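This report describes a protein chain part by part. Please keep the sequence and the model in view while reading.

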Amino acid sequence: MSAARTIRCENCNASFEVQGLPEEVTCTYCGHAQRVDPALLEELRSYSENVHDQVAVAKRERDHAAAWHKTTDQMAGKRMIWTYVMAFGLMGGLPMLCVMGGLLLLRSGILPQDKVYYINFGAMGATAVGVIIYFAWYFTIGRRKKQTQVAGATVTCPSCGAPNALQAGQAVEACRHCGAAILPSHDAQSQVMDRARAEARRARLERYRAERRGMAAIYRSAIGGTKLVYFIGGSLLLPLGGGTFFFTIGMLTGSEEYSPAIFLMWAMTLAVIGTMAGVILWQRSRRSMLRRGLDALCAQYRGRILGGLQGTVAWLDEHWAGPYDVHDLTKGSYNDSAALDVQGCPVLVEIDPVPAAKQIRPRALVLLACELPGSGDAMETTLQLSPEARGLLEQIKRTGFNVETSEGGLLARADGLMVKRIVSDEHALAGWADVMPLLARLARSMCYEPD
Ligand SMILES: [Zn+2]
Ligand SMILES: [Zn+2]
């Protein structure tokens with residue numbers, strides 16, 4: 001617990017109560033008026049502002065995260081089923097109960113025959129109540145938003161020694177024991193500022209996570225990638241194959257007249273089946289070729305297969321304390337991923353070399369999670385590279401990767417040529433083993449504190 005600062009009277013040396021941060025204060029004991037040191041005022045004001053800025057950032061990030069959580073939760077099947085149950089139960093069940101109750105009352109004579117329209121009103125009212133309850137429930141779907149909290153500092157009063165709690169960002173407070181003005185010490189200020197920054201960072205990481213899960217859920221539900229061949233083939237095969245089958249049966253049993261067109265129908269049906277089988281086998285062999293490449297990397301770097309998008313998102317949640325472009329969360333036919341351990345650093349290899357849609361860039365990435373000093377919002381400007389790091393960057397670039405840096409660590413993105421090569425050359429992906437130690441060395445050479 002650090003001692004607080006205070007404002008003392010220049011005349012009688014008492015410390016007295018001060019409201020807010022005025023430029024001039026009057027001693028409550030002797031009435032002496034004096035100016036407050038402008039440098040002190042400036043320091044306290046900027047402390048207060050900075051803390052409030054960080055808290056505002058944290059709140060905004062939590063709001064975004066909550067919106068993403070809601071999307072993900074609403075898309076999740078479990079919630080969807082409940083949505084229908086609630087909708088049917090409330091909007092259909094309530095009016096039905098009302099009508100049944102009304103009919104019972106009518107039969108037992110409590111409701112007179114000429115007042116039968118009461119039942120209509122009752123049912124309409126019940127529908128309205130059902131709709132209101134349903135929407136009230138629907139808008140509460142999603143987990144509760146985490147509150148932004150920054151603990152303040154506990155300081156001792158310089159006048160009487162009593163401990164006092166200063167709220168985060170609060171520049172002046174009256175001692176709860178003697179009433180003297182209490183100003184946060186430098187220690188207390190930097191302590192609170194650190195906490196506020198940490199809170200903003202936690203909130204930002206939560207937003208990244210929520211965003212990744214939401215986008216992954218959206219891309220997963222899209223038709224594309226491996227599902228596409230079944231989707232197109234199936235929609236062709238169902239009418240064509242079905243028609244061919246029934247005409248053949250009809251002709252065999254004599255209920256349809258024979259036509260040589262049936263052979264053409266069979267030929268078309270078999271062609272569709274053959275094409276589908278060919279595409280599926282072709283995709284399968286390519287997938288297993290890429291998987292062999294990942295297996296080779298895993299064998300060398302104590303890795304394990306993650307198997308694509310879902311595993312990727314889980315790895316990012318666990319190891320990647322930084323932003324990740326959500327456009328890199330698509331799932332094409334050959335999406336696959338593996339987690340490696342390169343000289344103690346968690347590494348992710350993520351490939352989606354043939355994207356599900358034209359507008360998506362093909363990708364092949366290596367992420368090395370590490371904490372880079374000076375990384376953060378103004379990363380690009382603060383990070384000065386040593387000659388060694390610059391040399392390594394060049395070397396990595398020559399092997400076909402462009403390296404990006406962020407709070408999360410290093411992200412090496414294979415260039416277009418390299419992405420093409422891993423789908424055509426059996427040994428290309430296994431060859432990435434040589435890039436791994438370069439990346440680990442780069443991370444280490446970046447981990448120096450610029451003085
Ligand atoms: Zn005084
Ligand atoms: Zn006191």
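In which sense do strand β12 and strand β13 pair, and over how many bridges? Strand β12 (residues 401–406) and strand β13 (residues 409–414) pair in the antiparallel sense, over 6 bridges. Valine 403 has alanine 412 in β13 as its bridge partner. With 2 residues between them, β12 and β13 form a hairpin. The model is predicted, not taken from an experiment.

**Domains**

The protein is divided into domain 1 (1–221), domain 2 (226–283) and domain 3 (287–446). The centres of domain 2 and domain 3, taken over C-alpha atoms, are separated by 44 Å.

**The sheet with β1, β4 and β5**

An open sheet is formed by 3 strands in the order β1-β4-β5, and its pairing is mixed. At the edges stand β1 and β5 (163–166); each has a single partner strand, so one side of each is left without a neighbour in the sheet. Strands of a sheet pair through backbone hydrogen bonds, and the pairing is either parallel or antiparallel. Strand β4 (residues 153–156) runs antiparallel to β5, and 4 bridges join the two. Opposite valine 155 stands asparagine 164 in β5. Helix α4 lies across β1, β4 and β5, and runs at about 170 degrees to β4.

**Helices α4 and α7**

Two packed helices are described by the angle between their axes and by the distance between the axes. Helix α4 (residues 186–221) packs with helix α7 (residues 309–319) at an angle of about 180 degrees, and their axes are 10 Å apart. Angles over 145 degrees count as roughly antiparallel, so α4 is roughly antiparallel to α7. On the α4 side, the contact is made by Arg209, Arg212, Arg213, Ala216 and Arg220. On the α7 side, Leu309, Val313, Leu316 and Asp317 take part. By class, the contact of α4 with α7 has 4 nonpolar, no polar and 5 charged residues.

Most residues other than glycine have a negative phi.

| Residue | Phi | Loop | C-beta atoms within 10 Å |
|---|---|---|---|
| Glutamine 343 | about 50 degrees | between β9 (336–342) and β10 (345–352) | 14 other C-beta atoms |

Glutamine 343, with 14, is partly exposed.

**Alanine 181**

Alanine 181 is in strand β7 (residues 181–182). Why does alanine 181 count as buried? Alanine 181 counts as buried because 23 C-beta neighbours lie inside 10 Å, and the cut-off for a buried residue is 20 or more. Leaving aside neighbours within four places in sequence, alanine 181 is in contact with Thr6, Ile7, Ser15, Phe16, Glu17, Val18, Val172 and Ala174. Tryptophan 432 is 251 residues from alanine 181 along the chain, and the C-alpha atoms of the two are separated by 63 Å.

Conventions
Residues numbered from 1 in each chain as written. Chains lettered and ligands numbered in written order. Predicted model: local features only at pLDDT ≥ 70, side-chain atom pairs only at ≥ 80, totals over all residues. Buried ≥ 20, exposed ≤ 12 C-beta atoms within 10 Å, placed from the backbone. Contact = placed C-beta atoms within 7 Å. Axes fitted to C-alpha atoms, helices over the stretch in contact; angles between N-to-C directions. Parallel < 35°, antiparallel > 145°, perpendicular 65-115°, else oblique. Nonpolar A, V, L, I, M, F, W, Y, C, P; charged D, E, K, R; others polar. Pairing = 2+ DSSP bridges. Domains from an automatic or database assignment.
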